[in-house]
Amino acid sequence: MGAKVLMLITVAMAMLGMVLGASHTVGAPAGSWDLQTNYTLWASRTRFTTGDELQFQYSTTVHNVVEVRKAGYDSCNSSSPIATFLTGKDVVPLAAIGTRYFICGVPGHCVAGMKVQVNVKSKAVRTVQRCRGTGKRLRCRSETVLSSATTGGIDQFAVARLGLAVVAAGLVLFF
């Protein structure tokens, strides 16, 4: 019976993770926080939304992570950091909409490309206008949809509620 409860808890945590946000390992899957990874390309292929988190993985003897403002990012200057991370397994929550800038503060590393710009979008709903027809017969209507950050058009909150209901039902049945 203990294995069943553990399985139910694992499923519930996975569903909550989907709702609360994604965890993005910077540079993954091919790299990490290093001098070989193209972070501009990596960030362009990744959608960041509020509630997500960044994970920086690196050797602490060789690198660090410094969050800077745009000017510091553009000039590779870490002298006025917003935050400095030194653990080698740094987790940075993306709680607000906006652009965040990270560089390696080791001299020469940022200039060599060890910097990433992350554009955080909202998970909120938005209004979209959909039109059909041509010319004077064009008919448009507005509808509210989940933002493009939501994968596959699935209501993640509904999935989480369903997951929690399944876990609750499972616990009732097993006890």
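This is a predicted model: local features need pLDDT of at least 70, side-chain atom pairs count only at pLDDT 80 or more; totals for chains, interfaces and linings use all residues.

Guide: Residues are numbered from 1 along each chain as its sequence is written, and side-chain values use heavy atoms, with hydrogens and water left out.

Read from the N terminus, their order is α-β-α-β-β-β-α-β-β-β-β-β-β-α. Of the 175 residues, 32% are buried, meaning under 20% relative accessible area, whereas exposed means over 50% and partly exposed in between (1.4 Å probe, protein chains only). If a contact is taken as heavy atoms within 4.5 Å, then among contacts between residues at least 6 apart in sequence, 63% join residues at least 24 apart.

Now to the interior itself, where a nonpolar core is a set of buried Ala, Val, Leu, Ile, Met, Phe, Trp, Tyr and Cys residues joined through side-chain atoms within 4.5 Å. The largest such core has 19 residues, and those with the most contacts inside it are Trp33, Leu54, Phe56, Phe102 and Val116. At least two residues of this core come from each of H2, S3, strand S6 (89–94) and S8. Phe56 shows how these parts meet: leaving aside neighbours within four places in sequence, Phe56 is in contact with Val26, Trp33, Val65, Gly88, Lys89, Asp90, Val92, Phe102 and Val116.

The aromatic side chains deserve a separate look. Rings of Phe, Tyr and Trp (its six-membered ring) pair if their centres lie within 6.5 Å, with planes under 30 degrees apart counted as stacked, over 60 as edge-to-face and the rest as tilted. The structure holds five aromatic pairs. The ring centres of Trp33 and Phe56 are 5.0 Å apart and the planes stand at 85°, so this pair is edge-to-face. Since Trp33 lies in the loop between strand S1 (23–25) and helix H2 (39–44), and Phe56 in strand S3 (residues 52–57), the pair ties together parts that are 23 residues apart in sequence. Trp33 counts as buried at 1% relative accessibility, and Phe56 likewise at 0%. Together with Tyr39 and Phe102, Trp33 and Phe56 form one aromatic cluster.

Charged side chains also take part. A salt bridge is a side-chain nitrogen of Lys or Arg within 4 Å of a carboxyl oxygen of Asp or Glu, and by this rule the count comes to three. One of them joins Asp52 to Lys123, with the closest N and O atoms 4.0 Å apart. As Asp52 is in strand S3 and Lys123 in the loop between strand S8 (115–121) and strand S9 (125–132), this bridge ties together parts 71 residues apart in sequence. Asp52 is buried, at 4% relative accessibility, whereas Lys123 is partly exposed, at 23%.

Arg100 and Glu67 form another salt bridge, 2.5 Å from N to O. This pair links distant parts of the chain, with Arg100 in strand S7 (residues 98–103) and Glu67 in strand S4 (residues 65–68), 33 residues apart; both residues are buried.

The bridge between Asp74 and Lys70, with its closest N and O atoms 2.8 Å apart, is set within helix H3 (residues 70–75), where the two residues are four apart, about one turn of the helix. Asp74 is partly exposed at 48% relative accessibility, and Lys70 is partly exposed at 43%.
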